[in-house]
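Please look through the model below before reading my comments. They are set out as numbered points for checking against the coordinates.

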Amino acid sequence: PSSYKVVVVGGGSAGLSVASTLAETLGNKSVAVVEPSDVHYYQPLWTFVGSGLKTFDESKMAMSEVMPEKAQWIKDSVASFNPTKNTVVLANGESISYDYLVVAAGIQTNWGKIKNLPETLGKNGVTSNYSAQSVQKTDEFIKAFKGGNALFTMPSTPIKCAGAPQKIMYLAEEQWRKAGIRDQTKINYFTGLGKIFAIDKYANELLKICKARNLNINYFTDLAEIRPDSKEAVFNVLAGDAKGSTLTLPYDFLHVTPPMGAPDFIRASPLSNADGWVDVNKETLRHNKFDNVYALGDCSSLPTSKTAAAITAQSAVLKSNLLGDIFGDSKEVAKYDGYTSCPLVTGSDKLILAEFSGYTGQPQETFPFDQSKERFSTYFLTKEIIPDIYWKAMVKGNWDGPAKYRKLFGAA
Ligand code: FAD
Ligand code: UQ1
């Protein structure tokens, strides 16, 4: 069987940001990346693609272009893990052994958990920014909309980028207002959770925007079924007096954020915790049972909000600790502080840049101004500068996130 110093599972945002540095440091063919996809997506751009502000092509790159030159790309999926034998088994049955393992396989979108969603997605006004197959339909359906009932959903499960389900609502509302059909349009947001955003500083501002723009927020309501023939959406009511009942609403436009969860092959493995995520120490990113295993990004148990921005800080910590293991140096153990960020786009020229620690629940803002206020500067940064940072630095292993700028600007 083939053998590598480090095997990285997944060539997404997390996998590449780690594999690039490791391959560069450890040399030719010491690092393997197991990744089945031909295409790498910069998914944060999909909010902009779904509202016609960026093209789909700008969100993708051939995997062969972004795969680190000195890494061995194994174009297959991992089917199972044998951490006691230091091997992974591929879908093709082949076994690969490693000295160190990094798991970065992302989160699984569970479309099938909503009745009739797989067959209705991308048709008759039903769409989602959460799939490469339907994100362009969002833009098409927003522009074709002639008024009526528009629904936007957010599930009760953990998801990647917890702000994205509402960002597209703000962008759609703006378009419908500009098209002169706003007074013929009712907009409802349904969330399975009890808050619009986890951190109050940002939630309070978002609620003001919803009120001012007549966006109706419904809490503890979880999409369960789509009835394409009658164009109705059925929600489970999760709390309150009507708990246990269902709510049925007609729709003319429906943006769905599907339930998500740990990937099945991780959940079924010895690496997972009770919830299915790779069970790592929240500061060191080292596995809680297997010392030579690390994880980061959306598939990890790290108890913070799942974003690419969070990975910028996580990858720096992981690389420092893993290279410390390999070279046996006694430098200080690096610790992740839970940093994450969600650029909450609220219009085609403004944004609230939420930055916080999921561990403390406190804001961790980079810039010396109040980021909870809508601004053009942070919109421009997110739309025009951060994508460049992503392609030119992050996937090459050279972006550790904004922590050093935060310090430069004087924050603690
Ligand atoms: P991914 O980037 O999803 O990569 C996982 C990789 O693992 C994939 O390439 C996949 O093919 C591979 N894989 C899966 N299964 C296997 C297997 N069995 N074997 C081998 N490989 C496998 N983040 C932000 O920071 N800011 C934003 O504004 C933002 N907006 C978003 C908007 C939308 C609509 C979406 C969908 C996401 C957004 N995100 C945002 C979240 C961000 O895209 C993710 O958090 C990030 O991509 C996670 O990186 P990852 O490497 O963990 O997973
Ligand atoms: C970031 O570094 C990053 O990764 C490249 C993102 O992913 C899309 C982000 O959304 C954000 C906000 C950051 C943070 C960067 C700065 C400059 C605040």
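Predicted model: local features only at pLDDT ≥ 70, side-chain atom pairs only at ≥ 80, totals over all residues.

1. Residues are numbered from 1 along each chain as its sequence is written, ligands are numbered from 1 in the order in which they are written, and side-chain values use heavy atoms, with hydrogens and water left out.

2. Ligand 2 is surrounded by 15 residues (a heavy atom within 4 Å), the closest being Tyr42, Thr312, Ser341, Pro343 and Trp399. An oxygen atom of ligand 2 lies 2.8 Å from an N or O atom in the side chain of Trp399. Of the 440 Å² of accessible area that ligand 2 has on its own, the protein covers 95% (Shrake-Rupley method, 1.4 Å probe).

3. Gly15 is buried, at a relative accessible area of 0% (buried is under 20%, exposed over 50%, partly exposed in between, with a 1.4 Å probe and protein chains only). Val33 is 18 residues away from Gly15 in sequence, yet their C-alpha atoms are 7.7 Å apart.

4. The count of salt bridges comes to 23 (a side-chain nitrogen of Lys or Arg within 4 Å of a carboxyl oxygen of Asp or Glu). Lys54, Glu58, Lys383 and Glu384 are linked in a network of them, including Lys54 with Glu58 at 3.8 Å and Lys383 with Glu384 at 2.9 Å. Lys54 is buried at 14%, whereas Glu58 is partly exposed at 38%.

Methods
Polar contact = N/O pair within 3.5 Å; in protein donor to acceptor, adjacent residues only side chain to side chain.
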